[in-house]
Amino acid sequence: MIEYKRIKDFESDQLQELFMSVEWFSGNFPEKLQTALHNSSKVISAWDGNKLVGLIRGLDDGIWQATIDCLLVNPAYQGKGIASTLLKHLLNEYSNFLYVDVVPDEKKNVSFYEKHGFEIMEEGTPLQIRGTSWKIET
């Protein structure tokens, strides 16, 4: 049976295993993941016994706007409703916010979010900068 927990502190190997299971680049940096999750506004995780099998992370300003930063489920556990349950728990915690945004890293995941009430914004395009290329010499 899957258990859902609201915790922010994880072992680095638990995070690395989960993130690498879905081939996310960030899995190569488990210590940074530990810090990022610890500092996040909200984190809800899914557990099969002692095994971390899913996770959702929300970032917010406390009242106005929230962003779903990541939602991932180990492929061996996909198709069991875990992602939907994680999303529903997080959206419930953000029920008084004016906006909840998500920018899926993969276009194939857009339909999942639409199924849960998200709409593609008519105006606006997600942008990203990676690594340290934004460091400007002064």
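Where is tryptophan 64 found in this predicted model? Tryptophan 64 sits in the loop that runs between strand E3 (51-60) and strand E4 (65-73).

**View 1. A nonpolar surface patch that includes Trp64.** Together with Ile63, Leu98 and Tyr99, Trp64 forms a nonpolar patch on the surface, and the accessible area of these residues together is about 480 Å². Tryptophan 64 itself counts as partly exposed, because its relative accessibility is 46%.

**View 2. The crossing of helices H1 and H2.** The axes of helix H1 (residues 12-21) and helix H2 (residues 30-38) come within 8 Å and cross at roughly 100°, so the two helices are roughly perpendicular to each other. On the H1 side, Ser12, Leu15, Gln16 and Phe19 take part in the contact, where they meet Pro30, Glu31, Leu33, Gln34 and Leu37 of H2.

**View 3. The salt bridge between lysine 51 and glutamate 17.** The side chains of these residues meet at 2.4 Å, N to O. Lysine 51 belongs to strand E3 and glutamate 17 to helix H1, so the pair ties together parts that are 34 residues apart in sequence. Lysine 51 is partly exposed at 28% relative accessibility, and glutamate 17 is also partly exposed, with a relative accessible area of 44%.

**View 4. The salt bridge between aspartate 69 and arginine 57.** The closest N and O atoms of this pair are 2.6 Å apart, and the pair links aspartate 69 in strand E4 with arginine 57 in strand E3, 12 residues apart. Aspartate 69 is partly exposed, with a relative accessible area of 39%, whereas arginine 57 counts as buried at 13% relative accessibility.

Note on methods:
Residues are numbered from 1 along each chain as its sequence is written. This is a predicted model: local features need pLDDT of at least 70, side-chain atom pairs count only at pLDDT 80 or more; totals for chains, interfaces and linings use all residues. Side-chain values use heavy atoms; hydrogens and water are left out. Patches are made of residues with over 30% relative accessible area and no salt bridge: like charges are joined within 9 Å, nonpolar side chains (Val, Leu, Ile, Met, Phe, Trp, Tyr) within 5 Å. Accessible areas come from the Shrake-Rupley method with a 1.4 Å probe; for residues, only the protein chains shown count as cover. A salt bridge is a side-chain nitrogen of Lys or Arg within 4 Å of a carboxyl oxygen of Asp or Glu. Helices (H or I, at least four residues) and strands (E, at least two) are DSSP runs, numbered from the N terminus. Buried means under 20% relative accessible area, exposed over 50%, partly exposed in between (1.4 Å probe, protein chains only). Axes are lines fitted to C-alpha atoms, for helices over the stretch in contact, and angles run from 0 to 180 degrees between N-to-C directions. Angles under 35 degrees count as roughly parallel, over 145 as roughly antiparallel, 65 to 115 as roughly perpendicular and the rest as oblique. Contact means heavy atoms within 4.5 Å.
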